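Trainee: I am new to this one. Please take me through the terms as we go.

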Amino acid sequence: MILTVQPADSGLQGELTPPGDKSISHRALIFSSLAVGRSELSGLLESEDTLATLKACEQLGARVERSAGKIYINGTAGDLESPSGGHLDMGNSGTAMRLLAGVLSAQNFDSTLSGDDSLNSRPMGRVVVPLSLMGADITASAAGTAPLLIHASGGLHGIEYVSPVASAQIKSCVLLAGLFASGTTRVLEPRLSRDHTERMLPLFGVDLPAACCVTGGSKLQASCFTVPGDISSAVFTLAAAAMTPGSDVSVRRVGLNPTRTGFIRCLKAMGADINIINQSSQSTEPIGDIHIVFSSELKAVDVPEALIPDMIDELPLLMALAATASGITRIRGAAELRVKESDRLAVMAVGLRKLGVELKEYPDGIDIKGGKVFGGCVESAGDHRCAMSFAVLGLIASAAVQIENAEFIATSYPGFSRDMSQLGANMQLGERS
Ligand code: S3P
């Protein structure tokens, strides 16, 4: 499919409630499936990634019911069923694969985790190494990628794992395995990555004896959980409003976990006119509404490396925004972008150059000079966040921007072009002619 975005002839106007947070939805589904009893989940994201997790949870024995916009999960009490054929398809979702690898490595049956071409080429050694240290028996490809053949476990033991990468997927994988291991399991990371797992486990009845630490044998208990709006989806609206003249937009009930708000801090540093109001908390997460209006003078930013984990998924969008800001935006310490759904540094560099943007790519980052953005046709490379970042840029380009393989947007935000159109954008998703 091709998404065609026409330059905006007026500003974006209105209110939006973004879809449920993807990271939190995966965890709510997995924790409920492991729990004793029936969990009630509201606001869950239903996108391709989270539906892959939901299907896997059902294959592992969780029973799912839907009623009045809620999802109820009858948990397995940790006694998972061996999936028929032993195979679980994680689609495009790295979170689903890495978190479930932690759970499955402790089970007394064999299983195989695989995904689409992108997922099957992402690094899995980063979870295979700690899980093997715990006693798991996992075979990955020679390149350290999926399919992961996870052999029946003879029992795991707790470890203290010093992760080389600030990654919530690694951290959560090891902590989930730790729930089934003997002794305690602790993860230390170079910088705090998103902490949804640590916040949510206590609500599901698991107390953490210390930061990022679990005790083996702890049983999860069913819970009632409301998923906040996904800041990683809301940001597309915020960036679009910041750069499109005449815009005035409010985004409601967005998750504002400090490990996720790096992009908001960056927007402020760039001079965006943005305000957070109605702050409260929902289940385990801080939430609030965000109001933003067009900023005529967005300026470039030098992104502090310490901020990278707090905005790792928003960096493609920051690159798009930087193309419209005055000066040179500098991003470094972001080599992780090369192993996401695509090589996001390379994909954004190729696409932005096609739209006339001056930039210089580095192994771990990019410099982007703001200026004029032209129309043209760019490739999403099967990456939802790159596709939406180019789409936002289309609003201020001098002619239409077309994004190839835009169907991947459904990975995290199936309603993206509908929501943007409701605010006044002209975006059409169509078949390739
Ligand atoms: C996620 C963690 C991040 C993020 C991904 C979702 C999660 O990945 O990029 O989109 O839900 O734990 P890493 O943990 O590999 O940084």
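Mentor: Start with a strand pair. Strand S15 and strand S16 (residues 285-293) run antiparallel, joined by eight bridges. The model is predicted: local features need pLDDT of at least 70, side-chain atom pairs count only at pLDDT 80 or more, and totals for chains, interfaces and linings use all residues. Residues are numbered from 1 along each chain as its sequence is written, and side-chain values use heavy atoms, with hydrogens and water left out.

Trainee: What makes S15 and S16 a pair?

Mentor: Two strands pair if DSSP finds at least two bridges between them. Here there are eight bridges, so S15 and S16 pair. Within this pairing, Gln282 stands opposite Glu285 in S16.

Trainee: What counts as a strand or a helix?

Mentor: Both are DSSP runs, numbered from the N terminus: helices (H or I) need at least four residues, strands (E) at least two.

Trainee: Which strands are the edges of the sheet?

Mentor: The order is S2-S14-S16-S15, an open sheet of four strands with mixed pairing. S2 and strand S15 (273-282) are the edges, because each pairs on one side only. From one strand to the next, the twist averages 10°. H8 packs on the sheet and touches S15 and S16. Touching means contact, with heavy atoms within 4.5 Å.

Trainee: Why are H7 and H9 called roughly parallel?

Mentor: Helix H7 (residues 231-243) and helix H9 (residues 315-322) pack at about 5°, with axes 11 Å apart. Axes are lines fitted to C-alpha atoms, for helices over the stretch in contact; angles run from 0 to 180 degrees between N-to-C directions. Under 35 degrees is roughly parallel, over 145 roughly antiparallel, 65 to 115 roughly perpendicular, and the rest oblique. So H7 is roughly parallel to H9.

Trainee: Which residues meet there, and of what class?

Mentor: From H7 come Val235, Phe236, Ala239 and Met243; from H9 come Leu317, Ala320 and Leu321. The contact has seven nonpolar, no polar and no charged residues. Nonpolar covers Ala, Val, Leu, Ile, Met, Phe, Trp, Tyr, Cys and Pro; charged covers Asp, Glu, Lys and Arg; the others, Gly among them, are polar.

Trainee: How do you know that Asp21 and Arg260 form a salt bridge?

Mentor: The rule asks for a side-chain nitrogen of Lys or Arg within 4 Å of a carboxyl oxygen of Asp or Glu. The closest N and O atoms of Asp21 and Arg260 are 2.9 Å apart, so the pair qualifies. It links distant parts of the chain, with Asp21 and Arg260 239 residues apart. By this rule the count comes to 24 salt bridges.

Trainee: Are Asp21 and Arg260 buried or exposed?

Mentor: Buried means under 20% relative accessible area, exposed over 50%, partly exposed in between (1.4 Å probe, protein chains only). Asp21 has 2% and Arg260 has 3%. Therefore both count as buried.

Trainee: Why is Arg418 called exposed?

Mentor: Arg418 has 52% relative accessibility, so it counts as exposed. Its salt-bridge partner is Asp419, at 3.0 Å from N to O. Asp419 is buried, at 5%.

Trainee: What joins Arg344 and Glu341?

Mentor: A salt bridge, with the closest N and O atoms 3.0 Å apart. Arg344 is buried at 0%, and Glu341 is buried at 11%.

Trainee: Which residues of helix H4 are buried?

Mentor: In H4 (residues 125-133) they are Arg126, Val127, Val128, Pro130 and Leu131. They pack against elements including helix H3 (94-104) and helix H5 (168-179).
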